[in-house]
Amino acid sequence: MATTKVIPGVLDLNQASSSTGLKMPSSNAAYSGPTVGEGMMRNEVGQTSNGSASCMQHFNGTDWKNYENFVQCTTSTCGYPPAASSNALALYQMESDGGVSNSVPDTCGTYDGTAVSITYSAGKFGNAAVFNGLQNSSASYINISSSTTSTTSSVSLWFNTTVKDSNEGNILDAGGSSSSNTGFSIIREATTGYLGVYFTDGTTGQIQSFTGATDITDGAWHNVVLSMAADNTFVFYLDGSSHLSGTRTRFTSGDTQNLSINRFGTNAGSVGASSYGGKIDQVRIYDSALDLTQVGLLNTEIAC
């Protein structure tokens, strides 16, 4: 059994030769250290806390208890939420251009976006991309390769806006803004400020429009998730709860449109058409549908 000793005013339970601090026994959940007694402390290396490769615990006479229960951060985690897919196809944290002018880094894949007239300011998590909302060729937007949207089944993002006018605001588009394309579009409706989603099949020329009845132009951060299942049903979530649901137009050839944030896709419409004005943060793209539990986890992400 180790002998307790005092060196330069420091209590050393493990007979450490350094006087830089108190050294705790280290172990894991199986614990193979000295006989356990009430009030004993240890450095539990079998679990991690935010910013640390271990977690401090104390023994209460019956069980080991964490001094504080840390929740692992998630906003930079590619495989989040669990079981959504092996990894997200893409994650755009919207922190900055990553040191490359006009680039919007994909921190989970290889689908970096190209930004036009984008600035960055305080967001939901760190920074967010700011869109000027202009309805002309000076409108800000982000364009992303069509390689992502061809296999997209779900998208998640955070937005914040106070703009409500006679112009429709296209928050995210993958071809759904034009009846001649195959795709989907998430929009802020004109005048009402309601949140909606469009679907097109690219052959019939018919646009399906689903619009909620919640004004989202309140200057608060909102999470929106569009989940599209293989049977062509979809659920559109707002702030962790079901907002709209139904059966979407059947895609006949898959979505081949570029993914555009804040405007019609490059193959559908013009720059500045239906521009959204406000902030967008934490855009995630998945190749699988998400369920209510997973959507709830996205709505309660922990900042890294």
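**Salt bridges**

Analyst: Lys 164 and Asp 215 form a salt bridge, with their closest N and O atoms 2.7 Å apart. This pair links distant parts of the chain: Lys 164 lies in the loop between strand S13 (154-160) and strand S14 (169-174), while Asp 215 belongs to strand S17 (residues 207-215), 51 residues apart. Please keep in mind that the model is predicted.

User: What makes Asp 165 and Arg 188 a salt bridge?

Analyst: Their closest N and O atoms are 3.8 Å apart, and the cut-off is within 4 Å, so the label applies. Asp 165 sits in the loop between S13 and S14, and Arg 188 in strand S15 (residues 182-188), 23 residues apart. Asp 165 is partly exposed at 31% relative accessibility, whereas Arg 188 is buried, because its relative accessible area is 1%.

User: How many salt bridges does the rule give?

Analyst: The count comes to three. One of them joins the side chains of Glu 301 and Arg 284, at 3.1 Å from N to O. Glu 301 is in the segment after helix H2 (292-299) and Arg 284 in strand S22 (residues 277-286), 17 residues apart. Both Glu 301 and Arg 284 are buried.

**Strands**

User: What makes S13 a mostly covered strand?

Analyst: Seven of its seven residues are buried. Side chains in a regular strand alternate between the two faces of the sheet. Ser 154, Ser 156, Trp 158 and Asn 160 are on one side of S13, with Val 155, Leu 157 and Phe 159 on the other, and all of these are buried.

User: How do you know that S13 pairs with S22 and with S18?

Analyst: Two strands pair if there are at least two bridges between them. S13 and S22 share six bridges in the antiparallel sense, so they pass that threshold. Within this pairing, Trp 158 stands opposite Asp 281 in S22. S13 also has six bridges with strand S18 (residues 222-228), again antiparallel, and there Val 155 stands opposite Leu 226.

User: Why are S3 and S6 called edge strands?

Analyst: Four strands form an open sheet in the order S3-S4-S5-S6, with mixed pairing. Strand S3 (26-27) and strand S6 (64-66) each have a single partner strand, so one side of each is left without a neighbour in the sheet. Strand S4 (residues 41-44) and strand S5 (residues 55-59) pair in the antiparallel sense over four bridges, with Glu 44 opposite Cys 55.

**Disulfides**

User: How do you know that Cys 73 and Cys 304 are joined by a disulfide?

Analyst: The sulfur atoms of Cys 73 and Cys 304 are 2.3 Å apart, and the rule asks for a pair within 2.5 Å, so the link qualifies. Cys 73 is in the loop between S6 and strand S7 (90-92), and Cys 304 in the segment after H2, 231 residues apart. Cys 73 is buried, with a relative accessible area of 12%, but Cys 304 is exposed, because its value is 53%.

User: Why is the disulfide of Cys 78 and Cys 108 called left-handed?

Analyst: The torsion about its S-S bond is about -100°, so the disulfide is left-handed. Its sulfur atoms are 2.0 Å apart. By contrast, the link of Cys 73 and Cys 304 is right-handed, with 95° about the S-S bond. Both Cys 78 and Cys 108 are buried.

User: What is the pairing of the bonded cysteines in sequence order?

Analyst: The structure holds two disulfides, and the pairing is 1-4, 2-3.

Methods. Residues numbered from 1 in each chain as written. Predicted model: local features only at pLDDT ≥ 70, side-chain atom pairs only at ≥ 80, totals over all residues. Heavy atoms only, no water. Helix = DSSP H or I, 4+ residues; strand = E, 2+ residues; numbered from the N terminus. Buried < 20%, exposed > 50% of the residue type's maximum accessible area, 1.4 Å probe, protein only.
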